[in-house]
Structure formats: C-alpha cells, structure tokens
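Visitor: I am new to this structure and would like to learn how to read its features one at a time. Could you guide me through some of them?

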Amino acid sequence: MTPSGPSDSPAASVRTRPGHSDPSAPLRCAAVIPAAGRGVRLGPGAPKALRALGGTPMLVHAVRALARARAVSLVVVVGPPGEAAQVRTLLDDHLEHLADDSTEVVVVSGGDTRQDSVRLGLAALPEDVGVVLVHDAARPLVPVDTVEAVAAAVRAGAPAVVPALPVTDTVKQVEPGGEPGGPEPVVATPERAALRAVQTPQGFDRRVLTEAHEKVPAAGEGATDDAGMVERLGVEVVLVPGHEEAFKVTRPLDMVLAEAVLARRRATDAF
Ligand code: C5P
C-alpha cells in the first residue's frame, strides 16, 4: 500500500500497485464510485457510504465489488466534500485483502449533487481510460458478474450500457410538486411490461459520458442517472440483465436486506 500526496490534494492515490494493465491499451476500464451522498433517507448518522454493513463500511464493499472485476484496473472514489482524507484512511485500513491487489484506488472530493460528484470523478481519470463504469457506493453488493457483463458490452462497442430488471410494482405517474404526504392526482399508468428498473454500474465509452457531463445542463437536484444524460445527447443506451443483489441501500429496511444477503454469502461462499 503506497499512500501518496497530501491529504488535501484533489486526487489522492491511496493504493497503487502498477503492472496490472498496459498503459497504452486503448480501452483501459476505470470505475467511478460516487460516494458523497449524506444518506438522509437512511436516518441520522455518518454519510451513507461510510456506514457499516456486516462490520465493514458500505463503500469498502462497493470498491471491492468493482476492483474484483478483471476488467477494472482503476477505481476513483468520490467522497463527501471535505472528507477525502477520512475516506482515504478508511480505504487504506480495509483494502489490504483485495482479491486483485493490482487495482489502483484514488479518492477525490465530491460535490453537492450526484451529477457534480460524477463529473469530479471523471475529471480525475487518466487519459488512457477508454471505458468508464459509474457505480453507486449505495449498491455495495453488486455481483462481480454484473460488473464484468457491463464492461464487456461497452468493450464490444455499445456506447452506453445499463443493468436493469423488470419492475414488480405497477408504477403511476403523478404531477410533480405535490404536497408531501398529501393526495396526488395520477396522470398516467405506464404499461408495466415496458418498464425496467435500472441499476449500476452503468458503463460508457468515456468520450460519450464526458460529452454528456459537459453538455447536459444540471437542473434541480441534477441527474440521478448517467445514462439518462447520454440519452439526451441522442446516443443509444442499451440494457443488460441486472441482478437483484445490486439493489440500492436507501432506507433502513434496505440495510436489513443487505445484512441478510451478506450473512448468506458468508455462510455459503466463505465471502
Ligand atoms: O441519492 P442516492 O442515494 O440516489 O445516491 C446515489 C449515489 O450517489 C450514492 O452512492 C451517493 O453517495 C452518491 N452521491 C454523491 N454525491 C452527492 C449525492 C449522492 O456522490 N452529492
């Protein structure tokens, strides 16, 4: 482990073991993990990504999940603004036992919205990165096969690839801006069979995603989905099968489910 750079440097390399990838390879694949959210819906406490799951911070699970993928040789973690040093220390402490110990992990500071945080993560990528996977720290249990499948589809030529699952609930569209908790008039009921719930990692040709972040303006809370920004450029986005264990930890009940999934993995896979 070779921590380098002062703690307040914009991109602090926390763990560099070169030699894994050919720096001249045109399609080097990096992961950007936005982890700067406060996690308000999870209740009071530390930023969501730093909360423990099975005794290990959620962010560490997410970094491991991406770093385990053979395709990924660099992980850029986007930490809460002003907390990059804390995040770097936490990763130094936990990443000793990565299966693939050649993956480089860099920490940068995030912004006020997820869109800002992803943009700041993209800005930290070296030039030789051609494929980018953007993965929510809040999806700590994504299986490595899902990560590999998304990366492979981009490497095979798709400019934007998203893992997704059919929705199980019927979904109603309402007028935005209603009173929270009050009755909301329904304006439409989209056909359920035509809907998909999207997950991460979302994979991109790096140039396409960078262009989307340069050209698509931020509105309101900013984009919650990178693929949606790419769609607005008129670029085709394709879906590949997602995985039920790639769910997002948002509310307290999600923590209960995540702990159960972890316990089962530990019992059955010596995870
Ligand atoms: O808000 P939500 O839970 O959908 O956030 C998805 C991901 O975006 C989380 O991993 C969160 O840490 C990240 N995020 C961020 N910067 C923000 C807000 C959210 O990196 N300002």
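Predicted model: local features only at pLDDT ≥ 70, side-chain atom pairs only at ≥ 80, totals over all residues.

Visitor: How many residues of helix H1 are buried?

Guide: As a general idea, residues three or four places apart in an α-helix point the same way, because there are 3.6 residues a turn. In this structure, helix H1 covers residues 58-67, and ten of its ten residues are buried. Among them are Met58, Leu59 and Val60, and also His61 and Arg64.

Visitor: Which strands pair with strand S8, and in which sense, parallel or antiparallel?

Guide: In general, the side chains of a regular strand alternate between the two faces of the sheet. Here strand S8 spans residues 160-166, of which five of the seven are buried. With strand S13 (residues 238-241), S8 runs parallel and is joined by four bridges, and proline 163 has valine 240 of S13 as its bridge partner. With strand S11 (residues 196-198), S8 runs antiparallel over three bridges, where proline 166 stands opposite arginine 196. Strand S12 (residues 202-205) also pairs with S8 in the antiparallel sense, through two bridges, and there alanine 160 faces phenylalanine 204.

Note on methods:
Residues numbered from 1 in each chain as written. Heavy atoms only, no water. Buried < 20%, exposed > 50% of the residue type's maximum accessible area, 1.4 Å probe, protein only. Pairing = 2+ DSSP bridges.
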